[in-house]
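Load the model and keep the selection tool at hand. The stops below are meant to be visited in order.

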Amino acid sequence: MVNQHRPNCGVEWRWLYFVLLVAISRASCSAEEASRDEWWQRTVFYQIYPRSFMDSNGDGVGDLRGITSRLAHLKDAGIGATWLSPIFLSPMVDFGYDIADYTAIQPEYGTMADFEALLAEAERLGIKIILDFVPNHTSDRCEWFQRSVAREEPYTDYYVWHDGRMDPSTSNGTRLPPNNWQSVFYGSAWTLHPVRGQYYLHQFTAQQPDLNFRNPAVVDEMRAVLRFWLRKGVAGFRIDAVNHLFEVEGFPDEPETGTDRDPLSYGFTHHIYTKDLLEDYDMVYQWRKLLDDWTEEHGGDRRIIMTEAYANITFTMKYYRSGEESSSRQGSHMPFNFLLITDLNRASTAQDFVFTINKWLTYMPRKGGATANWVLGNHDQPRVGTRYGPERIDAIHTLLLTLPGIAVTYYGEEIGMLDNPDAISSNGQGDSVAGGGDAFIVFSRDPERTPFQWDDTANAGFSTGPSTWLPVHPNYRRLNLAAEKRSARSHYKTYQALVRLRAHETFRKGSIQLVPYSDSIIVYVREHQDTDTFVVVINLSGGTDRSVDLASIFPRLSLELTVASSGSESNYRAGDIVQSDKLVVGGYEGLVLQSMPLTSRTRDRDAMPSTNLAVLWRTVKDAAVIASIIIALGSSYYGLQPWQTIGKWTARGSLKK
């Protein structure tokens with residue numbers, strides 16, 4: 001009797017066994033996805049400009065102890081990592097981007113002990129510290145440069161030197177710069193050094209001589225710098241001006257653009273010999289391997305690279321990896337995406353926004369865990385409220401924090417700080433790179449670098465001193481963190497709510513579909529299997545309310561939607577119920593609306609195996625438990641040899657991925 005029934009039981013068991021194996025496969029895939037969902041892929045990064053964040057000793061300049069004392073603010077805002085603009089020893093011609101010693105702390109910022117204390121407090125709060133790494137150039141006061149000037153080995157060729165060319169218009173031996181290359185900051189990229197008697201290259205200021213990365217000793221020096229700070233416990237590096245590392249050998253003239261007639265302007269030539277060379281990418285791949293090897297050897301969370309390169313989209317994408325093939329070399333975890341800065345402004349339409357966002361998502365690699373990132377501001381660009389208009393601050397933050405991938409926030413943006421135009425007429429402590437006169441007013445970066453506005457006390461709570469290195473924005477008495485925390489609704493509370501919301505699985509892993517509903521209204525849906533669906537509505541215009549029929553664009557939405565987030569001036573509150581087919585949107589609105597899970601609205605009722613699998617999967621989540629059931633039931637009751645069976649099925653191709 002038993003033998004007569006066993007074949008039928010075996011057939012039933014094999015069907016259940018197959019379902020369970022598929023479930024295990026799904027569990028493995030989920031575990032694999034979770035392993036790829038690393039800390040840097042799911043956090044919000046926050047840039048601190050050290051001079052302007054918090055002053056601890058009353059000298060009017062921000063410092064490391066000040067940052068440490070205010071790290072709790074980052075925790076409160078939901079920030080998971082912060083990158084610090086340079087804190088290294090520097091004469092401050094370019095405020096730290098001219099480094100004299102890569103392993104020493106700038107005295108006005110504090111000591112190495114202060115930095116170590118900052119790391120310890122950050123670790124206690126669960127915040128990662130990223131350092132700004134500036135490898136393209138040093139300060140002209142760096143010991144390496146001084147010894148290179150003197151032709152002391154091994155420093156003779158640490159920098160890019162050239163004899164120059166003879167002036168054909170004279171016969172007195174006058175020499176000219178080697179070619180027509182220009183500095184980013186205006187003027188020739190070459191300066192004749194009177195002691196060495198040769199020209200040296202500087203793609204930025206004359207006080208920032210370019211290192212020679214074709215010299216292996218320079219490459220080794222930079223590796224040593226990275227290891228020094230990794231030993232201290234930093235979580236990674238933001239690499240400055242990475243696409244300027246190499247220049248073409250032979251130093252040929254660059255072709256003229258024909259659009260800028262000033263031969264000393266950076267726009268006079270196409271920078272095909274000084275920027276975006278293949279060697280730049282190779283160096284990033286080398287640094288990525290160094291960091292990966294360090295993580296493998298020392299354990300802990302992955303150490304990361306963030307790269308700054310203002311370049312076209314195809315060049316920028318090369319920083320992710322060397323190619324699509326499985327043997328490709330990994331590069332930057334975050335090749336900074338500046339499209340929200342460079343390609344959009346307050347005059348941009350909904351179509352412009354959708355096109356620009358999709359541009360990055362379209363070009364981004366699909367394999368190898370590449371993650372999108374969105375940079376809304378930094379120390380070189382006008383603030384969000386100045387660039388897009390103060391009335392759009394909440395809407396633009398809604399956009400930033402609900403797009404797929406990583407969000408990067410510049411200090412003060414979370415409370416809606418604005419540029420201070422009066423900073424350009426400060427006491428001479430500001431942006432010396434911009435020069436003076438009209439050029440200073442046009443090109444100065446001081447307006448977006450003013451002190452953080454903590455409260456309405458003197459100096460906005462930034463410093464107890466009589467003055468600050470840049471003047472505080474005069475609006476600080478009403479626009480400050482303390483006031484926004486007290487208010488029922490504010491830019492800061494909107495930002496906080498959005499940061500919390502983006503931790504939802506749908507925002508972390510879900511798909512996106514963007515549509516320009518009109519010239520001024522952007523709508524997009526974020527969906528993920530078996531969890532909530534969200535739709536985001538951004539109104540770029542003011543004036544009268546607009547009616548939006550979301551159901552006509554996204555028919556799978558439920559009729560009723562719940563407000564998950566709204567701006568500080570919105571008529572909506574979190575928890576309000578709205579209709580998807582007749583949503584009323586106010587001026588400059590930024591709304592996040594929550595729908596019921598996609599799968600509970602679209603599941604195919606007739607697909608029984610799929611449905612049974614989903615039910616089973618929801619019931620039994622743990623793959624280890626499933627495996628235990630298989631082994632226990634299969635071996636003790638049915639007398640099966642499950643792992644041999646797996647081998648047979650795999651050989652027939654039934655379970656191949």
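Is Ser-568 buried or exposed? Select Ser-568 and see: with a relative accessible area of 11%, Ser-568 is buried, because buried means under 20%. Bear in mind throughout that this is a predicted model.

**Around Ser-568**

Ser-568 sits in the loop that runs between strand S20 (560–565) and strand S21 (577–579). Show its side chain together with that of Asp-394: the two side chains make a polar contact at 2.5 Å. Setting aside neighbours within four places in sequence, the residues in contact with Ser-568 are Asp-394, Arg-489, Ser-490, His-491 and Thr-494.

**Helix H13**

Next, select residues 393–402, which are helix H13. This helix lies across strand S1 (44–48), S14 and strand S15 (406–410). Relative to S15, helix H13 runs at about 140°.

**The sheet**

Now display the strands. In what order do the eight strands of the open sheet come? The order is S13-S12-S11-S5-S2-S1-S15-S14, with parallel pairing. At the edges are strand S13 (334–335) and strand S14 (373–375), each of which pairs on one side only.

Zoom in on strand S2 (residues 81–84) and strand S5 (residues 128–133), which run parallel and are joined by four bridges. Select Thr-82 here; opposite Thr-82, in S5, stands Ile-129.

The structure holds 27 salt bridges. Side chains of opposite charge can pair when their charged atoms come close.

Select Asp-380 and Arg-445 to see one of these: their side chains meet in a salt bridge, N to O, at 3.0 Å. Asp-380 belongs to the loop between S14 and helix H12 (384–388), and Arg-445 to the loop between helix H14 (437–443) and helix H15 (481–486), so this pair ties together parts that are 65 residues apart in sequence.

Move on to Arg-383 and Glu-413. They form a salt bridge whose closest N and O atoms are 3.8 Å apart. Arg-383 is in the loop between S14 and H12 and Glu-413 in the loop between S15 and H14, so the pair ties together parts 30 residues apart in sequence. Both Arg-383 and Glu-413 are buried.

**Last stop: Glu-279**

Finish at Glu-279, in helix H8 (residues 278–298). Is Glu-279 buried or partly exposed? Its relative accessible area is 29%, so Glu-279 is partly exposed. Apart from neighbours within four places in sequence, Glu-279 is in contact with Arg-214 and Phe-246. For a distance to check in the viewer, pick the C-alpha atoms of Glu-279 and Leu-245: they are separated by 8.0 Å, and the two residues are 34 residues apart along the chain.

Conventions
Residues numbered from 1 in each chain as written. Predicted model: local features only at pLDDT ≥ 70, side-chain atom pairs only at ≥ 80, totals over all residues. Heavy atoms only, no water. Helix = DSSP H or I, 4+ residues; strand = E, 2+ residues; numbered from the N terminus. Buried < 20%, exposed > 50% of the residue type's maximum accessible area, 1.4 Å probe, protein only. Contact = heavy atoms within 4.5 Å. Pairing = 2+ DSSP bridges. Axes fitted to C-alpha atoms, helices over the stretch in contact; angles between N-to-C directions. Salt bridge = Lys/Arg side-chain N within 4 Å of Asp/Glu carboxyl O. Polar contact = N/O pair within 3.5 Å; in protein donor to acceptor, adjacent residues only side chain to side chain.
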